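Visitor: Please show me the model, and then take me through one residue and its surroundings.

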Amino acid sequence: MELIFELSEKGRKGYRLPKLDVPAVDVAQYLGEYYREDLNFPEVSELDVVRHYTKLSQRNYAIETTMVPLGSCTMKYNPKINEELARIEAFTQMHPFAPEDCVQGTLRLMYELKELLKELSGFAEVCLQPAAGAQGELLGLLLITAYH
């Protein structure tokens, strides 16, 4: 895919500024040595810019269009509904040292999730932590090693 600078053609413009309705100011006098005339911006049409960045955006991985490759992103395999539920304030704002009698609903959800995951996977036990990152990668490698 071409860079936006490779699409540039001398004289093309993707904008049209309205006629100045305030007094013009010489910016160079305020910027001194930092003022430059040679900014070397690409000269492209508005359509070129829209098409270029649309093509770039289509090259991104998105959960709606493809599987996310590699990495330990916690969103990799989760449906969007799971992400929305995980953002519920009762979960995100819960203090890690909250008393057990104040977090029984969350503990029940975690227990039921573990039981469902055990049933689905056939494992004797599952762990909900670590969720992701280097710790999750290490845990996965240790589990694979222990299995083999």
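Visitor: Is Lys-118 buried, partly exposed or exposed, and at what relative accessible area?
Guide: This is a predicted model, in which local features need pLDDT of at least 70, side-chain atom pairs count only at pLDDT 80 or more, and totals for chains, interfaces and linings use all residues. Residues are numbered from 1 along each chain as its sequence is written, and side-chain values use heavy atoms, with hydrogens and water left out. Buried means under 20% relative accessible area, exposed over 50%, and partly exposed in between, with a 1.4 Å probe and protein chains only. Lys-118 therefore counts as buried, its relative accessible area being 17%.

Visitor: Which network do salt bridges with shared partners form around Lys-118?
Guide: A salt bridge puts a side-chain nitrogen of Lys or Arg within 4 Å of a carboxyl oxygen of Asp or Glu. Lys-118 meets Glu-125 in one, at 3.9 Å from N to O. Through shared partners, the salt bridges make one network of Lys-114, Glu-115, Lys-118 and Glu-125.

Visitor: With which side chain does the side chain of Lys-118 make a polar contact?
Guide: A polar contact is a pair of N or O atoms within 3.5 Å; within protein, one must be able to donate a hydrogen and the other to accept it, and residues adjacent in sequence count only if both atoms are side-chain atoms. At 3.2 Å, the partner of the Lys-118 side chain is that of Glu-115.

Visitor: Which helix holds Lys-118, and what is its span?
Guide: Helices (H or I, at least four residues) are DSSP runs, numbered from the N terminus. Lys-118 lies in H5, residues 104-121. The expected span is 1.5 Å times one less than the number of residues. For the 18 residues of H5, that expectation is 26 Å, and the distance from first to last C-alpha is close to it, at 26 Å.

Visitor: Which residues does Lys-118 contact, leaving aside neighbours within four places in sequence?
Guide: Contact means heavy atoms within 4.5 Å. With those neighbours set aside, the contacts of Lys-118 are Phe-123, Ala-124, Glu-125 and Val-126.

Visitor: Is Glu-125 buried, partly exposed or exposed?
Guide: Glu-125 is the salt-bridge partner of Lys-118. Its relative accessible area is 48%, so Glu-125 is partly exposed.

Definitions and conventions: Helices (H or I, at least four residues) and strands (E, at least two) are DSSP runs, numbered from the N terminus.
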